[in-house]
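Here is a guided look at a two-chain model, written for someone who likes to follow contacts residue by residue. Have the viewer ready and let us walk through it together.

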Amino acid sequence: MSFRQARWDEPLLWEIVPPPESLPAPPAIPGLPERVRRKSGVRWPELTEVEVIRHYTRLSQMNFGIDTSSYPLGSCTMKYNPKVSEMLARRSGAGEVHPYQPEATVQGSLELLWRLERALVKITGLPEVSLQPSAGAHGEFVALLMVRAYLRDKGELDRRTEVLLPDTAHGTNPASAAMAGFTTREIASKEGRVDVDALKAAVSDKTAAFMLTNPNTAGLFEKDIVDIASVVHGAGAMLYYDGANLNAILGITNPGRMGFDVAHLNLHKTFATPHGGGGPGAGVLAAGPTLAPYLPVPRIVKNGRKFRFDYDRPKSIGKIKTAYGNFGLDLRALVFILSHGEEGIRNVSRRAVLNSNYLAARLGKHLPRPFQPLVKHEFLLSGAPLKAHGVRTLDLAKRLLDEGVHAPTVYFPSLVEEALMIEMPETESKRELDQFAEAFERALADTPENLKAAPKNLSVGRVDEVAAARLLLLSWKDLRSRGAELGASPPSGSAPR
Amino acid sequence: MPRWISSEPGEEEGLLAGLGIKDVEELFADVPRQVRLGRMGVGAAREEQEVVALVDKILARNRPYSKYPAFLGGRMPIRYLPAAVDAVLLRSEFYTAYTPYQPEASQGMLQSLFEFQSLWVELTGLDAANASLYDGSTAAAEAVLLAHRVHEGHRFLIPESLPWEEKSVLRNYTAGLPVRFEEIPFDRRTGRLDLSAVDRAVAGGDVFGMLADVPNGFGVVDEGLLDLKSRLKQAPLVVSADPLALTVLEPPGAWGADIVVGEGQGFGLPPSFGGPLLGLFACRNEHLRYTPGRIVGATHDTNGRRAFTLTLQTREQHIRRSRATSNICTNESLLALAFTSYASLVGPRGLAELARKLSERARTLAAALSAVPGLKAPAFDAPYLWEFAVELTGGDPEKFLDRLYRRRVLGGTPLADPRPGASALPAPLYLTAATEFTDEAAIRKYARAAKAVLAASGGAQ
């Protein structure tokens, strides 16, 4: 595929129409003391609507999205975001509803959330669900707060201070555990999976929880899950499910059946809500009977045809964000579930796993696969052999961008040298997989010089990230005072407007 | 069945042939029998038009605030959204993108996040901003964690008037730390912070910071906050500020704030039943390495061309793991884009004029409500902007708001903590806000409805 990204000399907003250095004070507000009043107006440009629209349209043309190209980021599940969901999320009955309206006026919102919760109970196999967390990591943190509260009630909080995790865990897992006040210990994997003997040796009466992603970030199903659950529970600890990789097992197995006590899901991964260039996402917490009483308030309950918020949960940890959750995303996730239905949802994982294995088999002819043959929805390759030619995984990733496809996740997990982690969800057809494989093969066959010089076809060449960290130019204010240090000419801004 | 997964005849067979297997089921051979599922009971697939009909039927049970005179707010204001904001958000190169890990493929989102950071810096008067957090309440909580990282002590001061949800979020975010929150009371007449109580608390030592909000939980703009920093003896001052208020108020950075957080939903997003929201976060340069969240920086490419990239990533969970400054990964980037495009479409003069206009309407609203026997509006004798607390001279604000709704008025935002056994408000208070839709007719209707409710119930007991 021949590909050239748009390359606009697009100025920053204030370079389009530079605001003057000092602006008149904003209008006075009756009764407001002079002392609290802003002395000069906010330094921000006065632009016309078309200037703003052109600015963002041009910027958008310098951005990859799922709508422009396949996006094989491992553990990110970049699947197609259905347009019907965007349409429905913009209905006035969805957007123009305030969370603090009287309950009688928000029955639709409550019913929608309740229906999604019920569907997720069936999908996760855990009896209670809260949609309050804003994202996956938020869910992890809140789940560990629930574990804390449970241990306090049991009188074991002083003793159970340690959270265990495998070395393949996402970085958010140890970070969430630390934020919740636990120490963390990583357990070395054996051939890409949890080493049950090492886990047995690690658990003790100090263990609060074991956090596990299944399938894990090596793309492998933790087939000893039943033993793992029994080891963890035998030690009196809680078993936590990181749902980032749920896309591999929908309708095949679920956290409840595998013996997990609590799980988070990412609606923006498995349930096709858009990732927004970094967010918003939506997290979900699903809990078994031990931890469910600790879920954040309010919970939604149904009485006859009426729905209401229930705040009478004496063991609840309380609130973890303003309002109830990311409703706009919850709506999109429900659309996904309603559309697919039982068979469709199972087919999501069947196809995601089929895609992954197909691509793994094909690309595994060119680069070593640390763990094989059978993988789930994602797989790892090692770019280590490239080093003999002076090329690194990063160079390969940049060269892939030149083909008009996004790069895989790189350098994670750390147990694989020069790792490439590839996930092509169910929404990618065989044609797309073959095109990606061909792009990958072209990139691999290219000269080391070209690989190291990539990318060439994007709006900018290889970006100097080291300089960014050294310069720390983080705003217009920094550019005003120290912009010269950049040593780069700002765009001329002479594009016809 | 939706056309989101290819079902071309022969395709699946082609994939299986590439693997040399006959059945997809073989790919799940590693999932033990004893954990395999039967039916989930999720229901059958639906055609697109059936899903649209069902979702519309569910949403039809809502009564959108746009159908009523509505005076809701709190940290989630009702604003008119220019159509052009959504036109920007609907550029699917933005909304279907992931976090910009590959900067060369993501200059559009990175530049717009850099512009967002710049705008929050201009509004707050601080040095640097991050690329967003979940919402205003979690941004405030992350600010407390930052304060704890950079200053010794175990006591953190918060206003008694802070909304209960935010207090609960703060307590949860610090559950794993040896931290105690102490509430600084407000003056019962003015709603303003009792500064002498701050002095007494600080004199007790061991204070690692304080949070103050502008306007506060009762809508009060407290002039005393301008003198707060010097009372804290070097401990960080965290200010939670409304972005529109900052277009007309002195930037907190100018009066000593070390961290400024806020809720950004009012700039470009509908309340959408409370989410998604937008957490705003700015700090001083000396605290940069301790801040949570993604940060975008300017740099150059190999050809000397200006470019943008995520930076200071060694603070973050994917690198630093258990020693990261925060666990946050997914943030609210698209809403940051909404924030910046809203501010650019309305423009700085337009925003300040909006703040003035809303404040003027709020005064008309307060005058009309204070003429209703049984209401005190505003409840506090202090400056305010477009939102203020109303006091019922007797009765339960929640019941009052419910009864107002029966007269087709959405009168405001309840303030009481609804959890059984929670401490009661010091008075029967709720919040009411003027919006761009608050015209003379809406105000008359509100006053009439309030009068009728109070007359009928003798105080909404």
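What follows goes from domains to the interface, then to the sheets and a few single residues.

**Domains**

Please keep in mind that this is a predicted model. Chain A is divided into domain 1 (1-61 + 458-497), domain 2 (86-339) and domain 3 (349-453). For chain B, the assignment gives domain 1 (85-345) and domain 2 (348-457).

| Domain pair | Distance between centres |
|---|---|
| Domain 2 of chain A and domain 3 of chain A | 30 Å |
| Domain 1 of chain B and domain 2 of chain B | 28 Å |

In chain A, 18 residues of domain 2 are in contact with 16 residues of domain 3. The side of domain 2 of chain A that touches domain 3 of chain A is made up of eight nonpolar, eight polar and two charged residues. In chain B, 17 residues of domain 1 are in contact with 21 residues of domain 2. Here the side of domain 1 of chain B that touches domain 2 of chain B has ten nonpolar, four polar and three charged residues.

**Where the chains meet**

How many residues of chain B are in contact with chain A? There are 163, and they are in contact with 178 residues of chain A. Helix α5 (residues 107-124) of chain B gives the largest share of the side of chain B that touches chain A, with twelve residues. Sorted by class, that side of chain B holds 80 nonpolar, 51 polar and 32 charged residues.

A:E465 lies in helix α16 (residues 465-471) of chain A and touches B:T299, B:T309 and B:T311, not counting residues up to four places away in sequence. A:E465 and A:K200 are 265 residues apart in sequence and 42 Å apart in space, C-alpha to C-alpha.

In chain B, seven strands form an open sheet of mixed pairing, in the order β1-β7-β6-β5-β4-β2-β3. Why do β1 (128-129) and β3 (180-184) of chain B each have one side without a neighbour in the sheet? They stand at the edges, each with a single partner strand, so one side of each is left without a neighbour there.

Further in, strand β4 (residues 207-214) and strand β5 (residues 237-241) of chain B pair in the parallel sense over five bridges. Among the paired residues, B:L211 has B:V238 in β5(B) as its bridge partner. Helix α6 (residues 136-150) of chain B packs on the sheet and touches β2 (155-159), β4, β5, β6 (259-263) and β7 (279-283) of chain B. The direction of α6(B) makes about 165° with that of β6(B).

B:V238 links this region to the nonpolar core. Its contacts beyond four places in sequence include B:A140, B:A143, B:V144 and B:A147, along with B:M210, B:L211 and B:I259. The largest nonpolar core has 314 residues, and the members that touch the most others are A:M146, A:Y240, B:V144, B:M210 and B:V238. Helix α12 (residues 327-363) of chain A gives the most to this core, with 18 residues.

**Around β11 of chain B**

Strand β11(B) is mostly covered, with six of its six residues buried. B:E387, B:A389 and B:E391 point one way from β11(B), while B:F388, B:V390 and B:L392 point the other way. β11(B) runs antiparallel to strand β10 (residues 375-376) of chain B, with two bridges between them, and antiparallel to β13(B), with five bridges. B:E391 stands opposite B:K376 and also opposite B:L429 in β13(B).

Helix α13 (residues 397-406) of chain B has B:P397, B:F400, B:L401, B:R403, B:L404 and B:Y405 buried. Those buried residues pack against β11 (387-392), β12 (413-414), β13 (429-433) and α14 (440-457) of chain B. Just after α13(B), B:R408 takes a positive phi of about 65°.

Technical notes: Residues are numbered from 1 along each chain as its sequence is written. Chains are lettered from A and ligands numbered from 1 in the order in which they are written. This is a predicted model: local features need pLDDT of at least 70, side-chain atom pairs count only at pLDDT 80 or more; totals for chains, interfaces and linings use all residues. A residue is buried if 20 or more other C-beta atoms lie within 10 Å of its own, exposed if 12 or fewer, and partly exposed in between; C-beta atoms are placed from the backbone. Helices (H or I, at least four residues) and strands (E, at least two) are DSSP runs, numbered from the N terminus. Two residues are in contact if their C-beta atoms, placed from the backbone, lie within 7 Å. Ala, Val, Leu, Ile, Met, Phe, Trp, Tyr, Cys and Pro count as nonpolar, Asp, Glu, Lys and Arg as charged, and the others, Gly among them, as polar. Domain bounds come from an automatic or database domain assignment. A nonpolar core is a set of buried Ala, Val, Leu, Ile, Met, Phe, Trp, Tyr and Cys residues joined through C-beta atoms within 7 Å. Two strands pair if DSSP finds at least two bridges between them. Axes are lines fitted to C-alpha atoms, for helices over the stretch in contact, and angles run from 0 to 180 degrees between N-to-C directions.
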